[in-house]
Amino acid sequence: MGWLYTVVWFAIAVYLFVMALRENRFLFVLSGFMVFLGVWELINTLTEVDMKSGTYGWIYRGVAAVVLVGCLIWYFWRRNKG
């Protein structure tokens, strides 16, 4: 099942990258995050190490939380600007 998640994350990253070129440059950040998720899932699939638990799990959640907070800050800044 890990291969499916890896392919999905990379497909979403490519789609967001293309959309960032056309629509909004902020999507580059989300595209980079999807690449991160794809690489993380690929490492999780190829190795015996469980990358979603223990210290690695906290790193994974920390990066996701930072991106989420960044997206919320951008959203509210953009909404109040307009």
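In this predicted model, the mean positions of the 7 positive and 4 negative charges of the chain lie 20 Å apart. Here Lys and Arg count as positive and Asp and Glu as negative, while His and the chain ends are not counted; each charge is placed at NZ of Lys, CZ of Arg, CG of Asp or CD of Glu. Because the model is predicted, local features need pLDDT of at least 70 and side-chain atom pairs count only at pLDDT 80 or more, although totals for chains, interfaces and linings use all residues. Residues are numbered from 1 along each chain as its sequence is written, and side-chain values use heavy atoms, with hydrogens and water left out.

Turning to the overall fold, the chain contains three helices and zero strands, giving the pattern α-α-α when read along the sequence. Helices (H or I, at least four residues) and strands (E, at least two) are DSSP runs, numbered from the N terminus. The C-alpha trace spans about 50 × 25 × 15 Å along its principal axes. Of the contacts in the chain with a separation of 6 or more, 47% are between residues 24 or more positions apart, where contact means heavy atoms within 4.5 Å.

What share of the 82 residues in the chain is buried? The buried residues make up 26%; buried means under 20% relative accessible area, exposed over 50%, and partly exposed in between (1.4 Å probe, protein chains only). The accessible surface of the chain comes to about 6000 Å², and 71% of this surface belongs to carbon and sulfur atoms. Accessible areas come from the Shrake-Rupley method with a 1.4 Å probe, and for residues only the protein chains shown count as cover.

Helix α1 (residues 2-22) holds Thr6, and Tyr5 lies in helix α1 as well. Is Thr6 buried or exposed? Thr6 counts as buried because its relative accessibility is 4%. Beyond its neighbours within four places in sequence, Thr6 is in contact with Gly38, Glu41, Leu42 and Thr45. Tyr5, at 42% relative accessibility, counts as partly exposed.

The aromatic rings come next. Seven aromatic pairs are found in the structure; rings of Phe, Tyr and Trp (its six-membered ring) pair if their centres lie within 6.5 Å, and planes under 30 degrees apart count as stacked, over 60 as edge-to-face and the rest as tilted. One of these pairs, Phe33 with Phe36, is stacked, at 6.2 Å centre to centre and 20 degrees between the planes. Both residues belong to helix α2 (residues 27-46), three residues apart, or about one turn of the helix. Phe33 is buried, with a relative accessible area of 13%, whereas Phe36 is partly exposed at 22%. Ring pairs also join Phe33, Phe36, Trp40 and Tyr60 into a cluster.

Elsewhere, Arg61 lies over the face of Trp58, at 5.1 Å from the ring centre; a charge sits over a ring if NZ of Lys or CZ of Arg is within 6 Å of the ring centre and within 35 degrees of the ring normal. Val29 is found in helix α2 and is partly exposed, with a relative accessible area of 46%.
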